[in-house]
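Please read them with the structure open.

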Amino acid sequence: MSRVFDGYAAAEGIASGPIHRLDWGVPAVPHEVIEASEVERELDRFADARSWVRDRILEIKARTEARLGPVEARIFDPQLLMLDDPEMVDEVTRYIRDNRLSAARAFEWRMLEIQARWTRTGHAMVLDRLNDLEDLQIRLLHRLLGLPDPSDLARVGTDVVLVTRDLTPSLTVQLDPKHVLAIAADRGTRTAHWVILARSLEIPTVVGLGSLFQQVRDGQEAIVDGRIGRVVVDPDERDRAVFLERRRQLEAWEEEAEFIATQDAITADGQPVALRANLDLPGEAQHAAHFGAQGIGLFRTEFLVVGRNAVPDEDEQYEAYRAVTEHFPHHAVYIRTFDLGGDKFPMFLHMPREENPFLGWRAIRVCLDMPELFRTQLRAILRSTAHGDVRIMLPLINDVEEISRVRELLEEEEDNLKADGVPFNPGYKVGILVETPAAALEAVELSRHCDFFSIGTNDLTQYTLAVDRTNSRLARLFNPFHPAVVRQLAQVARVAKAAGIEVSVCGEMAANPMGAFLLLGLDITSLSVAWPSLPEIKKVIRQFRVEDARRAAAAAVEAQTGREVAAVLTEGIGATVDLSVFAGRWNLSPG
C-alpha cells in the first residue's frame with residue numbers, strides 16, 4: 001500500500017527510484033581524562049585538526065566555485081568563521097586545560113553547549129546555522145578520533161532517491177545529479193545552505209518530512225515531487241501512472257520549452273498575463289530569460305549577505321543587480337530589499353534572541369534600524385536603474401510611515417548620486433509586498449504612497465492563519481485557499497485597481513494551476529513564479545478562459561470553507577487542466 005508524505009517543496013523536478021538511506025551523524029566520543037603532561041599535546045591536536053578541517057573546507061569551496069559559481073561557494077564561509085570563533089576555540093582550550101579533557105571530548109562539550117543555546121530559539125534561521133555547525137562538528141570529531149572522512153560518499157549507489165534526516169553543504173556539493181535522482185529529508189528549510197546547493201545542482205528535493213527516514217528502508221521505491229513537496233513510498237499503480245504522466249508532461253514541456261517561451265502568456269479568450277520569474281541567485285536570470293519570463297517579479301537579495309561576516313560593498317551589489325537587469329532590457333525587474341531576520345540572517349548581523357522571529361525584528365524593520373546597511377543597498381539599486389526598468393519592492397510593510405522613511409532615504413541617495421555624477425533613472429518605481437493582514441486592511445491608504453502592490457501569498461497565509469509555514473506538523477493547516485486569505489486577495493486587488501496601480505502575486509500560489517485560475521479571476525494578471533515553473537504555468541494559463549475564472553473567483557470569495565473554495569475553482573476549471581497531481585496539497589481536494 002502506498003504511503004504519502006507531504007513536506008516542503010525545496011527544489012523543482014520529479015523523480016522515482018529505489019531509496020538509499022544516508023545515515024550519517026556525530027560520532028560517539030568516549031569520556032577521556034588526560035594527565036597534566038598531556039595538555040599541550042591535546043591543544044596541539046586540536047589546532048592541527050582545525051587546520052586540517054580548514055584546508056578541507058577550502059578545497060570543497062574551491063570545487064564548488066568551479067562547479068557552481070562564487071555565490072554558491074560562499075555558503076562555506078560560515079564554517080570557516082566558526083573554526084576560529086573565540087566563543088568556540090577559547091572554551092575548548094579552557095576545558096582541555098582546566099578539566100583535563102581530551103580534545104575530542106572538550107570540543108564535543110562546547111558544541112553541545114552552543115547547540116543547546118541556539119536550539120532554544122527554535123526557528124528556521126537558527127536551524128540553518130545549526131546545520132553548518134553540525135557539518136563542522138562531524139568533520140572535526142572524525143579527524144580527532146582518527147575515523148574515516150565522513151564526506152566520502154563512495155558508498156552511495158547510482159540512480160537512487162537519497163533519504164536522510166538532514167544533509168550538510170559539504171555532503172550535498174559532492175552529489176552527482178546523474179546518480180542521485182532526488183533528495184527527501186526529514187529536516188531542512190528552503191533557505192538551508194545545503195538546499196540552495198541542491199537547487200543549483202537541479203536535484204529535485206523535498207524537506208520537512210518529519211520522520212520519513214525512520215519509516216523507510218533501502219531499496220523501497222519512492223516518488224519525489226519537488227514541485228509540490230510530496231514523497232510517495234511504495235507507490236501503487238495509480239501513483240505510478242500519475243508519476244509517469246507527470247514526468248511525461250515535464251519532459252514534453254522541457255522539449256517544447258523554447259517553443260512555449262516564444263508564445264504569449266494569454267488566456268484562451270485573449271486576456272494578456274504578465275508572467276515573470278522569481279530569482280534566488282543572479283545566475284538564474286539566464287534560465288528565466290530562456291523560459292520566456294517577462295521580467296523578474298521577485299529578485300531576492302539575501303544571497304548577498306546571508307552567511308557573510310561583512311556587509312557587501314556597493315559595487316558588488318550593483319554588479320549583481322545590473323547583471324540581472326541586463327537580461328531583461330524590455331521588461332521590469334522587481335528587486336526586493338533585504339528581507340533579513342525570520343529565517344535569514346548574515347553573520348555580521350547580531351540578531352537578538354526572539355521567541356517569535358517571524359513576528360520580530362526582520363525585513364524593513366531591520367533595514368530602517370540599520371540605515372548604513374540599507375543606504376548601501378538603495379544606492380546600488382538606484383545605480384542599476386540606469387540599465388533597465390528596475391523597481392524597488394519593500395518587504396513586510398504595515399503602515400505609510402515606513403514607506404515615507406524609505407522614500408526620504410531614496411531622495412537623499414539620489415542627491416548623493418547626482419553630486420557624484422553617477423547616472424540613474426529618476427523615473428523608477430517603489431512598491432510594497434503585501435504580506436500581512438495589516439497591509440491588506442490598510443491597502444487603501446498604502447496605495448496612495450505606492451507605485452505597485454505585490455502580494456506575498458506565503459507570508460500572507462502564514463500571518464492570517466497563525467500557521468508557521470516552516471513547521472511540518474502544521475503543513476495541513478497552511479492553506480492559501482482559506483476563505484480569509486481569498487477575501488484579502490480580493491480586497492487588495494480591488495484597491496489596486498481603483499488606485500490605478502499594478503497588483504501582482506509572487507508567492508507559491510501563482511505557480512499552482514488552481515491558484516493562478518483564482519488570481520486571474522480576481523483580475524490579478526501579473527504573476528511571478530520560480531523559473532522552472534514558467535513553461536508549465538504558461539501552458540496552463542493559455543488553456544484558461546478569464547471569464548470562467550471571474551465567475552469562479554466571485555463564488556470563491558463567498559465560500560465558507562477552503563474545501564468550498566477548492567470545489568468552485570475545480571468546477572470552473574473543468575476538464576481543461578488535470579488537477580489530480582495537486583489534490584491533497586494545501587487541502588485542495590474538494591471532496
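1. Among contacts in the chain (heavy atoms within 4.5 Å) between residues at least 6 apart in sequence, 71% join residues at least 24 apart. This is a predicted model, in which local features need pLDDT of at least 70 and side-chain atom pairs count only at pLDDT 80 or more, while totals for chains, interfaces and linings use all residues. Residues are numbered from 1 along each chain as its sequence is written, and side-chain values use heavy atoms, with hydrogens and water left out.

2. Overall content. The chain has 24 helices and 16 strands; these are DSSP runs numbered from the N terminus, helices being H or I with at least four residues and strands E with at least two. Of its 591 residues, 58% count as buried, where buried means under 20% relative accessible area, exposed over 50% and partly exposed in between, with a 1.4 Å probe and protein chains only.

3. The barrel. Eight strands form a closed barrel in the order β9-β10-β11-β12-β13-β14-β15-β16, with parallel pairing. From one strand to the next the twist averages 25°. Helix α22 (residues 534-541) packs on the sheet and touches β9 (274-279) and β16; the direction of α22 makes about 160° with that of β9. Axes here are lines fitted to C-alpha atoms, for helices over the stretch in contact, and angles run from 0 to 180 degrees between N-to-C directions.

4. Two strands pair if DSSP finds at least two bridges between them. β11 (residues 332-336) and β12 (residues 389-394) are parallel and share five bridges; the partner of R336 in β12 is M393. On β13 (residues 429-434), β12 pairs in the parallel sense over four bridges, with I392 bridged to V430. Between β12 and β13 the chain passes through helix α16 (residues 400-420), and this β-α-β crossover is right-handed: with the strands pointing away from the viewer, the path from the first strand over the helix to the second runs clockwise. Five of the six residues of β12 are buried, so this strand is largely enclosed by the rest of the structure.

5. Strands β14 to β16. β14 (residues 452-455) and β15 (residues 502-505) are joined by four bridges in the parallel sense, and F452 has E502 as its bridge partner in β15. β15 and β16 (residues 526-530) also run parallel, joined by two bridges. In β16, S526 stands opposite S504 and L527 stands opposite V505. The chain gets from β15 to β16 through helix α21 (residues 513-521), in a right-handed β-α-β crossover.

6. Packing of α21. How do α21 and α23 lie relative to each other? Their axes come within 7 Å and cross at roughly 90°, α23 being residues 546-558. The two helices are therefore roughly perpendicular; angles under 35 degrees count as roughly parallel, over 145 as roughly antiparallel, 65 to 115 as roughly perpendicular and the rest as oblique. From α21, the residues F517, L518, L520 and G521 take part in the contact. They meet V546, D548, A549, R550, A552, A553 and A556 in α23.

7. Helix α8 and E202. Six of the eight residues of α8 (residues 193-200) are buried, so this helix is largely enclosed by the rest of the structure. The buried residues are H193, W194, V195, L197, A198 and R199. After α8 comes E202, with a positive phi near 60°. E202 lies in the loop between α8 and β6 (205-207) and is exposed, with a relative accessible area of 52%.

8. A466. Most residues other than glycine have a negative phi. A466 is not a glycine, yet its phi is positive, about 55°. Where does A466 lie? It is placed in the loop between α19 (457-465) and α20 (483-499). A466 counts as exposed, at 70% relative accessibility. Both A466 and E202 may be checked against the displayed model.
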